[in-house]
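Below are my notes on the model, as numbered points.

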Amino acid sequence: MTAARAPAAAPRRKPRQSRARHTSQALQEAFVRLLVEKGYAAITIREIAAVAGTGLGSFYEYFENKEDLARVCLHLRSKALLLDMRAAVAAHAGRPLREIVDAVIDAQLEVHRAQPLAWGAHYLLERHLSSPEAYRKMYDRFVGEWVGVLEAANDLAADGQKKDVKEVARVCQTIIYGLVAHTHIGTGGRPDLQALSRQLRGALHGYLASTAGVA
């Protein structure tokens, strides 16, 4: 007698997860597009869903409300910057500090180059929507990456001249974040990236030369 065939597992999970990612991504992209066009206060959930090509029901499957979607977009954009910074450091580890810093600057500005208007809106919205706890947490992650920049260099000064590495890393993040964010906000998302690159190099190399003993 032939044994009854066990019911086949129906691994529909991956396709569903893929569709879920696609829908969530479409909603995020729609939100960013509307954010640039109209500003946060004027956007409605119905508009977001329409631009994304989905329904209101789908919106609420993934996000509680407009603010929840906005916070997710802010987090993921900041995370993209973080990951690109990490990749730049990994690709240049063991080189002089100046080269690694330049690679980080180039990587950060390259991310902004594709959607400068969206980044201008991002930094403006971040000031209104990010909770102090979320802001500090992400900021500390960037500071950690700057610690990695300093530790990856092959010409950092001897321990006695270094000062506190984390303190140096925090100032570096303050410099790059402050210049990039305020330039994008101040120009309405239309920054001169060549000038910004020059300013970042001058500020970061000048600070590091005086603090870490690296010319």
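1. Arg-170 is located in helix H9 (helices, H or I of at least four residues, and strands, E of at least two, are DSSP runs numbered from the N terminus). Its relative accessibility is 33%, so Arg-170 counts as partly exposed (buried is under 20% relative accessible area, exposed over 50%, partly exposed in between; 1.4 Å probe, protein chains only).

2. This is a predicted model: local features need pLDDT of at least 70 and side-chain atom pairs pLDDT 80 or more, while totals for chains, interfaces and linings use all residues. Residues are numbered from 1 along each chain as its sequence is written, and side-chain values use heavy atoms, without hydrogens and water.

3. Not counting residues up to four places away in sequence, Arg-170 touches Tyr-139, Asp-140 and Val-143 (contact means heavy atoms within 4.5 Å). Arg-170 and Trp-146 are 7.5 Å apart, C-alpha to C-alpha, and 24 residues apart in sequence.

4. Trp-146 is among the residues with the most contacts inside the largest nonpolar core, which has 37 residues (a core is a set of buried Ala, Val, Leu, Ile, Met, Phe, Trp, Tyr and Cys residues joined through side-chain atoms within 4.5 Å). Helix H7 gives the most to this core, nine residues.

5. There are eight salt bridges (a side-chain nitrogen of Lys or Arg within 4 Å of a carboxyl oxygen of Asp or Glu). One of them joins Glu-145 to Arg-86, with the closest N and O atoms 2.8 Å apart. This pair links helix H7 to helix H4 across 59 residues. Glu-145 counts as buried because its relative accessibility is 14%.
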